[in-house]
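Biologist: I would like to learn how to read a model like this one. Can we go through it feature by feature?

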Amino acid sequence: MILDTLDNLAHYTHLGPRIAKALQHLKETDFTQLPVGNYELEGKDIFVIVNDYETKPREVEPFEVHRKYIDVQYVVSGEEEFGYLPLADQTPSKPYYDKHDYAEYDYESNKARAAFIPFKAGMFALFFPQDMHMPGVFATPQAVRKVVIKVKI
């Protein structure tokens, strides 16, 4: 997992051309003007999801992992927290769903080991397949606009 701001984008372009392209797209695009929706950047290899939502309490959200895509998440406006812990020997609460590249892990059995990290406007996070993460949570409801760029591994 990587957490930083776009000011430090140059430190991460060596992670591969797709990640570099995704981060550059974040830097160059005014997501406040873009409607909510899905946008292809490089077909199914890199695509963008723009979403507006209200955060939820930790207790009602699952952790998630992906196998085929790296999540590049960017908070455009608002603030949330995300839960994080390395994927090890945890058992999923819902099995991997190949079509949506997603497996769920419940909060209760992982909360003691998880860290919850503030995620503010202007910050981005990269979540790799070994990173269990719980996005979109906060103690009190917060309006958030977030962009998730899915980067095929």
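Modeller: We will take the pocket, the cores, a histidine and a backbone angle in turn. This is a predicted model, where local features need pLDDT of at least 70, side-chain atom pairs count only at pLDDT 80 or more, and totals for chains, interfaces and linings use all residues. Residues are numbered from 1 along each chain as its sequence is written, and side-chain values use heavy atoms, with hydrogens and water left out.

Biologist: What is the volume of the largest pocket, and which residues lie nearest its centre?

Modeller: Rolling a probe the size of a water molecule over the atoms shows where empty space is left. On a 1 Å grid over the protein atoms alone, a pocket is an open set of points where a 1.4 Å probe fits, with protein on both sides within 12 Å along at least five of seven lines; lining residues have an atom within 4 Å of a point. Volume is the space filled by probe spheres set on the points, which are joined across faces, edges and corners. Here the largest pocket holds about 890 Å³. Its lining has 29 residues, with Ile49, Glu64, His66, Val148 and Lys150 nearest the centre. Strand S3 (46-54) gives the largest share, five residues. Strands are DSSP runs of E, at least two residues, and helices runs of H or I, at least four, numbered from the N terminus.

Biologist: Which residues have the most contacts inside the largest nonpolar core?

Modeller: In soluble globular proteins, nonpolar side chains tend to be buried together. A nonpolar core is a set of buried Ala, Val, Leu, Ile, Met, Phe, Trp, Tyr and Cys residues joined through side-chain atoms within 4.5 Å. Buried means under 20% relative accessible area (1.4 Å probe, protein chains only). The largest core has 22 residues, and Leu23, Leu26, Val72, Phe124, Leu126, Val147 and Ile149 have the most contacts inside it. A second, separate core of 12 residues includes Phe63 and Phe116.

Biologist: Is histidine 133 buried or exposed?

Modeller: Histidine 133 counts as buried because its relative accessibility is 1%. Histidine 133 sits in strand S11. Its side chain makes a polar contact of 3.2 Å with the side chain of aspartate 71. A polar contact is a pair of N or O atoms within 3.5 Å; within protein, one must be able to donate a hydrogen and the other to accept it, and residues adjacent in sequence count only if both atoms are side-chain atoms.

Biologist: What is phi of aspartate 101?

Modeller: Most residues other than glycine have a negative phi. Aspartate 101 has a positive value, near 50°.

Terms used:
Buried < 20%, exposed > 50% of the residue type's maximum accessible area, 1.4 Å probe, protein only.
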